[in-house]
Amino acid sequence: MKKPDTFLQIGILGCGPIAQFAHLEACRKAERIKLYAVCDQSEQLARKMGRFYDALKIFTEYEEMLADPALDAVIIATSDAFHLSAAMQALQADKHVLVEKPLGTDLSQAFALREELKHRGLHLQVGHMKRFDPGIAYAREFVETGLGEMVAYKGWYADSTHRYDMTDSTQPIPYTSTKARKPAVDPKADLKRYFMLAHGCHLLDTARFLAGPIRSVHARYTIKDNMHSWFVDTVFENGANGHLDLTVAVRMDWHEGFQIYGTRGSTLGNIFNPWYFKTSEVRCFSEDTGEFRQILDNKAHFFKNQLEAFAGSILDGSKNPGADISDGIASLQAMQAIHLSVERGEPVEPNSIREGML
Ligand SMILES: NC(=O)c1ccc[n+]([C@@H]2O[C@H](COP(=O)([O-])OP(=O)(O)OC[C@H]3O[C@@H](n4cnc5c(N)ncnc54)[C@H](O)[C@@H]3O)[C@@H](O)[C@H]2O)c1
């Protein structure tokens with residue numbers, strides 16, 4: 001494996017909306033990153049994005065991009081169903097991987113990927129980019145240093161019916177192509193599944209990031225007028241009581257956040273729609289000082305921050321709070337456990353789930 005020194009030469013697989021909204025710009029903004037290549041099955045998309053963002057190479061075949069010895073790492077920005085196979089191909093071609101969330105849709109394949117990774121000196125990070133929201137990072141630091149023992153965690157994630165009116169104002173109109181590669185089944189054909197994969201994985205990763213591993217979930221689900229709602233009674237490994245709420249879409253503004261109670265303090269977080277690139281409003285109260293503290297840190301291009309951490313861990317071994325493959329798998333297990341718990345009407349331990357399609 002080539003050891004990159006000053007810069008990481010990145011290739012982006014997929015020039016669809018998420019690449020256009022997040023990763024291409026993150027490559028321009030991030031330090032120590034060079035956008036070396038882009039690849040899309042749609043030649044039109046690959047050329048348009050590659051030229052606009054000054055990629056040195058433009059590919060339509062993933063295998064050809066992976067065969068390029070100057071490429072250090074790939075960002076996998078494709079539909080969920082392709083994540084795991086694309087990540088496996090990248091590892092086998094000796095490339096580091098930053099794969100969009102969720103890690104994939106097939107648990108057995110995810111475990112096989114983890115096995116593959118064990119035999120290679122490569123980095124694989126899952127794009128749970130909320131970990132790089134400075135407000136959420138601040139809450140995590142407080143949990144580790146000022147909260148005392150965690151007693152309870154409440155987390156909620158509610159997409160809004162007005163979301164697209166709002167994000168249409170902040171996002172560019174994505175370029176699309178009829179030649180884009182799509183999975184055999186439209187991911188949005190089953191909205192219950194889609195909402196869990198698209199949004200539930202953020203709710204779960206933020207909960208795990210702040211409160212640690214989940215021991216068990218006991219979930220209820222209801223749907224009315226196309227509004228899907230999961231309430232999940234959660235037990236964390238640290239013994240904290242948990243309650244997770246995924247509701248899509250609420251008839252109001254975007255509504256995401258957490259409340260954490262500890263024996264020495266509490267922290268309350270209000271998370272914004274990610275496409276505003278705004279640091280979460282997080283307040284931490286400490287019994288020691290009798291004060292609330294809150295940061296104002298607007299370096300909130302989460303995708304840029306995650307890419308810099310990815311590069312830092314590869315280039316000089318810096319500590320990286322990003323989600324590793326085990327976090328990616330834990331998120332899939334938790335989503336599957338919620339699904340099974342709804343079906344069975346009983347608690348399910350995510351860790352007991354080793355296979356299955358999400
Ligand atoms: N982090 C976040 O908050 C966030 C937000 C939105 C979407 N996402 C994730 O982004 C992903 C979806 O991205 P999208 O909407 O841009 O997907 P998309 O399917 O619209 O576009 C993906 C592009 O990848 C190309 N592609 C796929 N496989 C290829 C291959 N083997 N070779 C060449 N080209 C290939 C397709 O042609 C397509 O143009 C999902 O995994 C989703 O969960 C993450």
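Student: Where is Asn 226 found?
Tutor: This is a predicted model. In it, Asn 226 sits in the loop between β8 and β9.

Student: What is the phi of Asn 226?
Tutor: Its phi is positive, about 60°. Yet Asn 226 is not a glycine.

Student: And is Asn 226 buried or exposed?
Tutor: Asn 226 counts as exposed, because it has 9 C-beta neighbours inside 10 Å. The cut-off for exposed is 12 or fewer.

Student: What about Asp 225, where does that one lie?
Tutor: Asp 225 lies in the loop between β8 (214-224) and β9 (227-236). Its phi is near 50°, a positive value in a residue other than glycine. Asp 225 counts as exposed, because 5 C-beta neighbours fall inside 10 Å.

Student: Which order do the strands take in the open sheet of 8 strands?
Tutor: The order is β8-β9-β10-β7-β11-β12-β13-β14. The pairing is mixed.

Student: Which strands stand at the edges of it?
Tutor: β8 and β14 do. Each has a single partner strand, so one side of each is left without a neighbour in the sheet.

Student: How much are neighbouring strands of this sheet turned against each other?
Tutor: By 10° on average, with direction ignored.

Student: Which helix packs on the sheet?
Tutor: Helix α10 (residues 325-344) does, and it touches β8 and β9. The direction of α10 makes about 60° with that of β8.

Student: Let's go to the other end. How do β12 and β13 pair?
Tutor: Strand β12 (residues 265-271) and strand β13 (residues 281-286) pair in the antiparallel sense, over 6 bridges.

Student: What do β13 and β14 form?
Tutor: They form a hairpin, with 4 residues between the two strands. Gly 290 is in the turn and has a positive phi of about 70°.

Student: New topic: cis peptide bonds. Which residues does the one with omega of about 0° join?
Tutor: That bond joins Val 248 and Ala 249. Ala 249 is in strand β10 (residues 241-250).

Student: And which residues does the one with omega of about -10° join?
Tutor: Lys 101 and Pro 102. Pro 102 is in the loop between β5 (96-100) and α5.

Student: Now the open sheet of 6 strands. What is the order there?
Tutor: The order is β3-β2-β1-β4-β5-β6, with parallel pairing. β3 (57-59) and β6 (124-127) stand at the edges. Each of those two has a single partner strand, so one side of each is left without a neighbour in the sheet. From one strand to the next, the twist averages 25°.

Student: How many bridges pair β1 and β4?
Tutor: 4 bridges, in the parallel sense. β1 covers residues 8-13 and β4 covers residues 73-76. At one of them, Leu 13 has Ile 76 of β4 as its partner.

Student: Which strands does α1 lie across?
Tutor: β1, β2 (33-39), β4 and β5. α1 runs at about 170° to β1.

Student: Step back a bit. Which domains is the chain divided into?
Tutor: Domain 1 is 8-130 + 306-323, and domain 2 is 131-300 + 331-352. The centres of domain 1 and domain 2, taken over C-alpha atoms, are separated by 24 Å. The contact takes 27 residues from domain 1 and 25 residues from domain 2.

Student: Which helices supply at least two residues of the side of domain 1 that touches domain 2?
Tutor: Each of α1 (17-29), α2 (43-52), α5 (107-118) and α9 (302-316) does. The residues of that side of domain 1 divide into 13 nonpolar, 10 polar and 4 charged.

Student: Last one, the ligand. How many residues surround it?
Tutor: 27 residues do. The closest are Gly 14, Gly 16, Ile 18, Thr 78 and Ala 180. The shell divides into 14 nonpolar, 7 polar and 6 charged residues.

Student: Where does the shell's largest share come from?
Tutor: From α1, with 3 residues. As for the domains, the shell draws at least three residues from each of domain 1 and domain 2.

Conventions
Residues numbered from 1 in each chain as written. Predicted model: local features only at pLDDT ≥ 70, side-chain atom pairs only at ≥ 80, totals over all residues. Domains from an automatic or database assignment. Contact = placed C-beta atoms within 7 Å. Nonpolar A, V, L, I, M, F, W, Y, C, P; charged D, E, K, R; others polar. Near = placed C-beta within 6 Å. Pairing = 2+ DSSP bridges. Buried ≥ 20, exposed ≤ 12 C-beta atoms within 10 Å, placed from the backbone. Axes fitted to C-alpha atoms, helices over the stretch in contact; angles between N-to-C directions.
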